[in-house]
Amino acid sequence: MRKIAVIGVGYVGLVTAAGFADLGNRVVGMDIDEEKIEKLRRGEMPIYEPGLEEMVCRNMKMGRLSFTTSYDEALDGAEFVFIAVGTPPGADGEADLRYVEAAARSIAEHMRHPLIIVNKSTVPVGTGDWVTQVVKQHQKEPIPFSVVSCPEFLREGNAIQDFMNPHRIVLGSTDPEAAEKVAQLHLPLRAPIIVTDLRTAEMIKYASNAFLATKISFINEIANICEAMGADVKEVAVGMGYDPRIGPHFLEAGLGFGGSCFPKDVQALAYAAEVMGRHPQLLRAVLDINQDRRRMAVERVKEMLGGSVAGHVVGLLGLSFKPNTDDMREAPSIDIARYLLDEGARVRAYDPIAMDNARRILPEVEYFPDPYSLAEGADALIVVTDWNEFKHLDLERIKNLMRRPVLYDGRNIYDPKTMFELGFIYRGVGRGYPAPENPEPPGLTMAKAGGL
Ligand code: UGA
């Protein structure tokens, strides 16, 4: 049984701690937030994540997982210490490393025996080298240690599943022995293990998130063009996805990406590139396209309501940045609600679990207990988050409850034909536009655009 300390029991840290405990290790989760640790000791989760509570409680009962606010207790006898603290965005989009620095410093001050320090947080390229320096500077006496980068690839709402079934484990280190030991820890997960240097491992994480974000902005740009040309982006994505070089995943057009990772990581990478004198044009475009999605949703609803949302009641179906989470960080719903409010709309919303978090960010919005009460008397509804429960609504009932049956489907969860048949004034993203009755030869459209 190996002993592991995990510093920071936020999202990544808690899943990592529970996951390694479940694999049979002895894990201590450490956080400076006393309230959080108290809650965890009582078996209360600070975040919503399917399967997490059960896994944490089971491993606490088995004596493999415990929580503390004390570095001494966490590091006592530990062979590995994982850093999993937050790296929030700074004022210019750079990653704020103050928590990583504080963790490195405290580890240095409290270590009594050799340690392998494993960094899980998403940190700018070069942070591993810097952490090595910070630890060396703050050690009371020189005790050997190694720093290994082991970026996480967990998705919120799927984190336990992703921890137990990773597509790959990336390890970066200058110390092959330390990397080998961290690799051993991951062996039960039966995933390919890539061992490289620290900076390359850190970059793999950023490049992966930036690429996924690029896929989303790409398909959203195609969706805009589909709208103008009468094609259906959903089917375009299916047709593209069969090419194994493209793949079928992450090609869902909609209101763009949110959450605590993609927006922050793409920004941090672009910022770091600029600091180094590079011009990350593609990354900037990915972010711009993503921001435009939110404005675009409001523009479409305005069109559907005859030019203005002022005085109209607009209901948001879903608030969290994606389904199966109550996370509101960078959620498209925030900008959409604010744009609508700025333009004089009355905004109401329903979300299965994110309403408590949303109330703090959007106090001007009126909250409803279910989709039907939300629809009652509304002039328009916008599907903002693709929660499963929205896919199975009684749409006829929804339509009859609304003052005007305007529905903008920002996540393409409904079939346009069914919606038209039900009598909705419906629009999806990049689809659902019947071809014009007297079309011009398509060649002309391309030629006018300079395509021929
Ligand atoms: C993302 C990555 O998927 C994880 O691999 C990574 O570990 C994590 O960031 C991180 O860096 O910590 P997450 O932010 O939980 O995970 O969410 P995703 O499920 O990837 O979705 C991100 C956003 O993209 C959501 O707003 C979602 O609605 C949007 N999205 C996703 C689309 O708009 N279209 C798609 O086709 C897919």
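**Entry 1: the end of α13**

I began at the end of helix α13 (residues 332-342), which is followed by G344, a residue whose phi is positive, near 90°. Helices here are DSSP runs of H or I with at least four residues, strands are runs of E with at least two, and both are numbered from the N terminus. The model I am reading is predicted, so local features need pLDDT of at least 70 and side-chain atom pairs count only at pLDDT 80 or more, while totals for chains, interfaces and linings use all residues. Residues are numbered from 1 along each chain as its sequence is written, and side-chain values use heavy atoms, with hydrogens and water left out.

**Entry 2: the buried side of α13**

I looked up which residues of α13 are buried (under 20% relative accessible area; exposed is over 50%, partly exposed in between; 1.4 Å probe, protein chains only). They are P332, S333, I334, D335, I336, A337 and L340. I then looked for their packing partners, taking contact as heavy atoms within 4.5 Å. The buried residues of α13 pack against α12, β9 (313-317), β10, α14 (355-361) and β12 (380-383).

**Entry 3: salt bridges**

I searched the whole structure for salt bridges (a side-chain nitrogen of Lys or Arg within 4 Å of a carboxyl oxygen of Asp or Glu). The search gave 26.

D335 counts as buried at 19% relative accessibility, and R294 is buried at 3%.

I moved to R295, which forms a salt bridge with E343; their closest N and O atoms are 2.5 Å apart. R295 is in α12 and E343 in the loop between α13 and β10 (346-350), so parts 48 residues apart in sequence are tied together. R295 is partly exposed at 26% relative accessibility, and E343 is partly exposed at 25%.

I noted a salt bridge between R199 and D129, 2.7 Å from N to O. R199 lies in helix α9 (residues 198-229) and D129 in helix α6 (residues 127-138), so the pair joins parts that are 70 residues apart in sequence. R199 is partly exposed, at 42% relative accessible area, as is D129, at 32%.

I also recorded a network of salt bridges that links E227, R300, E303 and R427.

**Entry 4: around the ligand**

Which residues come nearest to the ligand? I found E152, E156, K205, N209 and C261, out of 20 residues around the ligand. A residue counts as near if one of its heavy atoms lies within 4 Å.

I sorted the shell by class: nine nonpolar, three polar and eight charged residues. Nonpolar covers Ala, Val, Leu, Ile, Met, Phe, Trp, Tyr, Cys and Pro, charged covers Asp, Glu, Lys and Arg, and the others, Gly among them, are polar. Helices α9 and α11 (262-275) each supply at least two residues of the shell, and α9 gives the most, with three.

I checked backbone N or O atoms against oxygen atoms of the ligand. The distance is 2.8 Å for E252, 3.3 Å for F153 and 3.3 Å for L251. Taken alone the ligand exposes 720 Å², and the protein buries 90% of that; the areas come from the Shrake-Rupley method with a 1.4 Å probe.

How values were computed: Polar contact = N/O pair within 3.5 Å; in protein donor to acceptor, adjacent residues only side chain to side chain.
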